[in-house]
Amino acid sequence: MPHSVAGPEIERLIQLLARLPGLGPRSARRAALHLIKRREQLLGPLTEAIRVAHERIVVCSECGNVDTADPCTICRDERRDASIIVVVEDVSDLWALERAGALTARYHVLGGVLSPLDGVRPEHLNLDKLVARAARPEVREVILALNATVDGQTTAHYITELLAHMPVRVTRLAHGVPVGGELDYLDEGTLAAAIRQRTTF
Ligand code: ZN
């Protein structure tokens, strides 16, 4: 056990920072020192931003997104296409799709995917609300933007069954050659999926 180089308050700051994704104990120490050195310009504003976020963050009762308002910014945005709902596993996927900027639709955050191994069953996911939303007359398409993993695809099949009796079109993301990808480097599963889902040029 190495000797402490600072008081318990600073050690606690380092321990908490080390729990952040991408930060190990070493980079947490560097981050803590950086904050301490910039107490006025950075540590103060960051403390305030974290306090405000902690106070105001809510889960959107409509789509399951996190924001500081309910309904969230996306659900309140009238310019978005209300006829399309994009189903994602997690808020991070929603943010990724928004960064891609390929469509301005509404979202639905499941809060996980079905996983027999991890004991995640349908009742653990935000599915009832999805069915209710998909039944609304303005909704014409549900895009399943789930990970191309076994659990992601199992969940996609489950939702497809769930919505089968409704007049909505259920689609999923294409699997295949990534932009800038070389065929020679792709695994067989990806190549086979790309061939099966070929599109007219
Ligand atoms: Zn929302």
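Predicted model: local features only at pLDDT ≥ 70, side-chain atom pairs only at ≥ 80, totals over all residues.
Local features were taken at pLDDT of at least 70 and side-chain atom pairs only at pLDDT 80 or more, whereas totals for chains, interfaces and linings use all residues. Residues are numbered from 1 along each chain as its sequence is written, and side-chain values use heavy atoms, without hydrogens and water.

The domain assignment divides the protein chain into domain 1 (8–56) and domain 2 (79–172). Such bounds come from an automatic or database domain assignment. The C-alpha centres of domain 1 and domain 2 are 35 Å apart.

Helix α2 (residues 25–37) packs against helix α3 (residues 39–56). Helices (H or I, at least four residues) and strands (E, at least two) are DSSP runs, numbered from the N terminus. The angle between α2 and α3 is about 110°, and their axes lie 6 Å apart. Axes are lines fitted to C-alpha atoms, for helices over the stretch in contact; angles run from 0 to 180 degrees between N-to-C directions. The two helices, α2 and α3, are therefore roughly perpendicular. Angles of 65 to 115 degrees count as roughly perpendicular, under 35 as roughly parallel, over 145 as roughly antiparallel and the rest as oblique. From α2, the contact uses His34, Leu35, Ile36 and Lys37; from α3, it uses Arg39, Leu42, Leu43 and Leu46. Contact means heavy atoms within 4.5 Å. By class, five of these residues are nonpolar, one is polar and two are charged. Here Ala, Val, Leu, Ile, Met, Phe, Trp, Tyr, Cys and Pro count as nonpolar, Asp, Glu, Lys and Arg as charged, and the others, Gly among them, as polar.

Ala53 also belongs to helix α3. Ala53 is partly exposed, at a relative accessible area of 27%. Buried means under 20% relative accessible area, exposed over 50%, and partly exposed in between (1.4 Å probe, protein chains only). Ala53 and Thr68 are 15 residues apart in sequence, with a C-alpha to C-alpha separation of 7.5 Å. A cis peptide bond links Asp70 to Pro71, with omega about 0°. Pro71 sits in the loop between β2 (66–67) and α4 (73–76).

The largest nonpolar core contains 18 residues. A nonpolar core is a set of buried Ala, Val, Leu, Ile, Met, Phe, Trp, Tyr and Cys residues joined through side-chain atoms within 4.5 Å. Val87, Val142, Leu144, Leu146, Ile159 and Leu163 have the most contacts inside this core. At least two core residues come from each of β3 (81–88), α6, β5 (141–144) and α7 (150–162). Another core, of 15 residues, lies apart from it and includes Cys72, Cys75, Val109 and Ile143. Beyond its neighbours within four places in sequence, Leu144 contacts Val87, Ala156, Ile159, Thr160, Val170, Thr171, Arg172 and Leu173.

Leu130 lies in helix α6 (residues 128–134). Leu130 counts as buried, at 0% relative accessibility. With residues up to four places away in sequence set aside, Leu130 touches Ile85, Val87, His108 and Ile159. Leu130 and Val109 are 21 residues apart in sequence and 8.9 Å apart in space, C-alpha to C-alpha.

Tyr107 is part of strand β4 (residues 105–109). Tyr107 is buried as well, with a relative accessible area of 0%. Among its contacts beyond four places in sequence are Cys63, Ile74, Arg80, Ile85, Leu94 and Arg133. The C-alpha atoms of Tyr107 and Glu62 are 9.3 Å apart, across 45 residues of chain.

Pro122 occupies the loop between β4 and α6. Pro122 is partly exposed, with a relative accessible area of 25%.
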